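These exercises ask you to read a protein model step by step. Try each task before you turn to its solution.

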Amino acid sequence: MAKRSSLFLRIIEGKKLPAKDLTGSSDPYCIVRIDNETIIRTATIWKTLSPFWGEEYNVHLPSTFHSISFYVMDEDAISRDDVIGKVTIAKDVLRANPKGVDSWMCLSEIDPDEEVQGEIHLQIEICGDGSMRQLRCHVFEARNLARRDLNGASDPFVRVQYNGKTQETSVVKRSCYPRWNEVFEFVLDETGTENALHVEVWDWDLVSKNDFLGKVAFNINKLLAIQQKEGWFMLLPDTARRSETEENLGSLRLQLRLRDESVLPSSYYQPLTELLFQSVKTTNNDGKWNLLALIDEVSTAENRQEVATNLVKLFLGQGLAKEFLDFVIRLELDRTSEPNTLFRNNSLASKSMECFLKVAGMQYLHNILRPTINRVFEEKKYVELDPNKVEFREAGCSGLHRCQTEADIIQQSAQFLQSYLTELVNVIVKSVEQCPSMIRATFRQLYKSVEERFPQDLYKNIKYIAVTSFLCLRFFSPAIMSPKLFYLCPKHADARTSRTLLLLAKAIQSIGNMDTNVARGKEIWMAPLQPLIVQGVTLFKDFILKLIDIEEGEELQCQKRVSLQTTSTIKEGYLLMHRAKERGILTSSHFKKHYFNLNCETLCHSKMSNAKKSEFIPLSKIRAIEKVDEKCFGSPYVMQIISTDGKGQFEIMYLQCKTVNELNQWLSSLRKYCVSNELMLNSYHPGVFKGEKWSCCHQKEKAAPGCDKTHFGVTLQEWNDPLNPDLESHLIYRQLLAARDSLTEKLLEYKEKSNAIAPVSADEGADKLDIINQLFQIIQDLEKAHQNFERWETSKVRNFSLDLLT
């Protein structure tokens with residue numbers, strides 16, 4: 001049984017932040033850390049004390065994580081960025097709120113005594129017999145300690161306290177991965193007045209006060225029961241040292257939802273998946289009511305997006321996405337009497353099509369929109385058509401030196417927008433061959449279904465609008481308006497660029513609505529774009545006819561099982577590379593710029609993106625993908641890829657990224673496709689081998705075991721993640737389990753209908769009863785299987801504890 005924790009987080013906005021700049025404002029951004037490891041950095045919102053980010057992420061985490069922290073920072077161009085405050089949320093708080101947390105949270109001041117991190121390896125035991133028993137503390141080593149010195153490390157030592165006595169280890173200079181291997185003994189207090197052993201880690205300073213790095217406390221009474229305790233223990237802050245002063249640092253609005261998933265082997269979900277697949281395989285043949293129709297009835301507005309996403313990914317993996325979408329679309333067509341309302345609400349059909357386009361068409365979207373989006377970002381033109389929103393200062397005209405009138409600015413803006421819009425329309429209508437055949441086949445079926453449902457001449461445009469309502473209104477336009485959310489650019493647009501993108505998105509929406517009078521009626525100031533919109537409607541109709549004119553061979557290709565990344569590119573881009581073979585001594589050579597291309601089998605790199613020759617690392621040879629200490633290369637954005645060569649010897653490749661987000665995206669992509677590799681390392685060196693020793697732990701052997709544990713579990717969810725049918729089946733089961741009360745109501749309702757006099761109604765009611773009874777049995781079997789696995793896991797832990805006692 002595979003276990004994982006999935007955290008959805010949305011960083012919405014901040015308010016009443018303190019001013020950090022001389023201008024009386026701040027330039028805030030957020031850093032997200034999981035147990036002190038930075039995984040996300042938001043965009044910077046310039047010159048504001050009430051920033052709005054609206055960024056959301058899904059993060060996969062190991063079940064062993066402890067907390068998540070949000071640090072609000074003020075970006076400075078010259079000096080170091082200022083820390084405004086932070087919010088820390090413990091895992092227990094998230095688990096206590098299964099429906100999620102959505103609230104404003106006050107920022108707290110950063111207290112160095114609370115900014116602790118890392119673990120310490122200890123063995124605590126009670127030795128001897130009679131009245132003179134000893135309490136022995138063996139201090140082995142520590143890892144990933146906080147960095148307190150300017151050199152990017154610390155000088156740690158350990159202080160052990162018991163019964164009024166204190167003993168200390170030696171100081172290990174310049175290391176966050178110290179090794180002491182020292183033993184301390186205390187006379188055990190048999191009276192029981194002293195009930196705790198304290199182990200504290202400190203950073204030694206020659207001149208200033210020593211810095212606190214964390215502590216661990218052990219209850220002596222509990223230790224008496226087991227006699228010995230050994231392991232890695234998380235260092236905790238000392239709340240007694242917390243500052244009592246409080247300052248109003250503003251607040252942060254966050255949405256978070258943690259889910260712990262235990263995914264069973266495939267065979268357990270097979271009855272559920274077979275019932276789902278049967279729904280789309282037989283529905284057009286015998287017309288029987290099925291499970292998908294039931295899911296459509298019981299899904300709510302709150303969970304419909306998630307249900308649609310799980311179903312789309314599950315059917316994609318089986319090559320049945322077109323059949324699934326055809327079924328849910330027909331469900332909506334059957335209950336739609338007014339064609340103008342078709343696909344306008346957030347139904348299961350609408351959400352499923354929207355998700356399908358994002359998963360199967362994201363690469364197509366990037367190829368089509370990215371050149372124009374990049375041009376808008378680079379040119380940063382001031383654009384405004386609404387006379388009520390024209391700002392002369394933004395346009396470069398103010399005061400007595402005004403050189404343009406309002407009409408001049410609008411005319412110039414119209415020219416810029418016409419240029420961008422013409423480029424967008426042309427590239428879209430010429431993209432038929434670039435559009436994935438699966439999407440084309442799905443749109444062809446959609447076009448035909450709508451045409452059959454509304455054949456009247458009065459509704460001759462509805463079949464086109466059905467396609468553009470998804471392609472334009474739910475795919476192209478949102479991506480143009482918020483390109484960062486569709487991975488089209490690494491940062492949010494500034495106010496000027498955002499306005500340009502918004503006006504372009506409005507124009508594409510108008511074309512998608514196929515009604516040239518809409519924009520003119522609602523927003524008269526959009527008139528300068530009206531000729532292009534009218535022309536775009538004609539071009540898009542022709543584009544749709546070509547798009548759905550797909551060859552039979554291409555459509556048959558859609559029936560094959562889909563793996564989103566078989567040979568295509570998962571991630572690519574230029575990175576700086578340095579290579580150290582066989583864990584050899586690190587040379588002083590500079591990092592070299594190489595173009596990297598990752599697919600599901602290899603990581604290729606060459607000097608240029610179009611180079612004919614390239615080197616590659618088979619992903620099956622990779623043994624670890626980890627971050628590197630900042631002090632090693634003077635950059636916080638360096639990762640290392642540890643792999644084996646043909647002789648089984650280790651090789652290390654160091655890659656330097658531009659930002660923390662780029663670093664974590666590469667780490668995530670590589671980890672997802674190497675997670676099932678055999679012989680993956682459990683430990684690694686976060687430093688480099690230089691000067692005949694490891695910079696992290698000071699070990700002098702090249703082949704010395706790593707001093708820190710590897711981090712396979714922390715990854716970011718992205719659009720091109722590999723499909724996981726077991727996980728999607730499990731999530732669908734979870735949704736059905738949560739809807740059990742609604743299913744029970746449906747059962748009672750259909751029992752009444754099955755007693756109806758009309759034979760047709762009786763048959764339909766019997767079909768529904770049969771499906772619900774099958775579903776209840778499946779849910780019951782899966783629930784029992786999960787309970788059995790949980791009992792087995794509990795018994796394993798209990799037996800392990802008994803082994804320790806004996």
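**Exercise 1.** Does Arg-174 count as buried, partly exposed or exposed, and what is its relative accessibility?

Solution. Begin with the ground rules: this is a predicted model, in which local features need pLDDT of at least 70 and side-chain atom pairs count only at pLDDT 80 or more, while totals for chains, interfaces and linings use all residues. Residues are numbered from 1 along each chain as its sequence is written, and side-chain values use heavy atoms, with hydrogens and water left out.

Next, recall the classes: a residue is buried under 20% relative accessible area, exposed over 50% and partly exposed in between, using a 1.4 Å probe and protein chains only. Arg-174 has 55% relative accessibility and therefore counts as exposed. Arg-174 sits in the loop between strand E11 (165-168) and strand E12 (179-187), where helices (H or I, at least four residues) and strands (E, at least two) are DSSP runs numbered from the N terminus. Although Arg-174 is not a glycine, its phi is positive, at about 50°.

Now compare Asn-181, which is placed in strand E12. Asn-181 also has a positive phi, of about 55°, without being a glycine, and with a relative accessible area of 53% Asn-181 is exposed.

**Exercise 2.** Describe the protein as a whole from its helices, its strands and its buried residues.

Solution. Start with the elements, of which the protein has 20 helices and 26 strands. Then turn to burial, where buried residues make up 51% of the 806 residues. Finally, consider contacts (heavy atoms within 4.5 Å): of those with a separation of 6 or more, 69% are between residues 24 or more positions apart.

**Exercise 3.** Which residues of helix H14 are buried, and where do they lie around the axis of H14?

Solution. First check the length of the helix, remembering that the expected span is 1.5 Å times one less than the number of residues. The 18 residues of H14 (residues 530-547) should span 26 Å, and the end C-alpha atoms are 25 Å apart, which agrees.

Second, list the buried residues of H14, which are Gln-530, Leu-532, Ile-533, Gly-536, Val-537, Phe-540, Phe-543, Ile-544 and Leu-547. Seen down the axis of H14, these buried residues fall within an arc of 145° and so line one face of the helix, the arc being that of the directions from the helix axis to the C-beta atoms. An α-helix has 3.6 residues a turn, so residues three or four places apart point the same way. On the face of H14 turned away from the buried side are the exposed residues Pro-531 and Thr-538.

**Exercise 4.** How many salt bridges does a search of the whole structure find, and which parts of the chain does the pair Lys-86 and Glu-115 tie together?

Solution. A salt bridge is a side-chain nitrogen of Lys or Arg within 4 Å of a carboxyl oxygen of Asp or Glu, and the search of the whole structure finds 33 of them. In one of these, the side chains of Lys-86 and Glu-115 meet at 2.6 Å, N to O. Lys-86 lies in strand E6 (residues 82-90) and Glu-115 in the loop between strand E7 (101-106) and strand E8 (119-127), so the pair ties together parts that are 29 residues apart in sequence. Both Lys-86 and Glu-115 are buried.

Continue with Glu-423 and Arg-375, whose side chains meet in a salt bridge at 2.6 Å, N to O. Glu-423 lies in helix H9 (residues 406-429) and Arg-375 in helix H8 (residues 362-379), so the pair ties together parts that are 48 residues apart in sequence. Glu-423 is partly exposed, with a relative accessible area of 27%, and Arg-375, at 22% relative accessibility, also counts as partly exposed.
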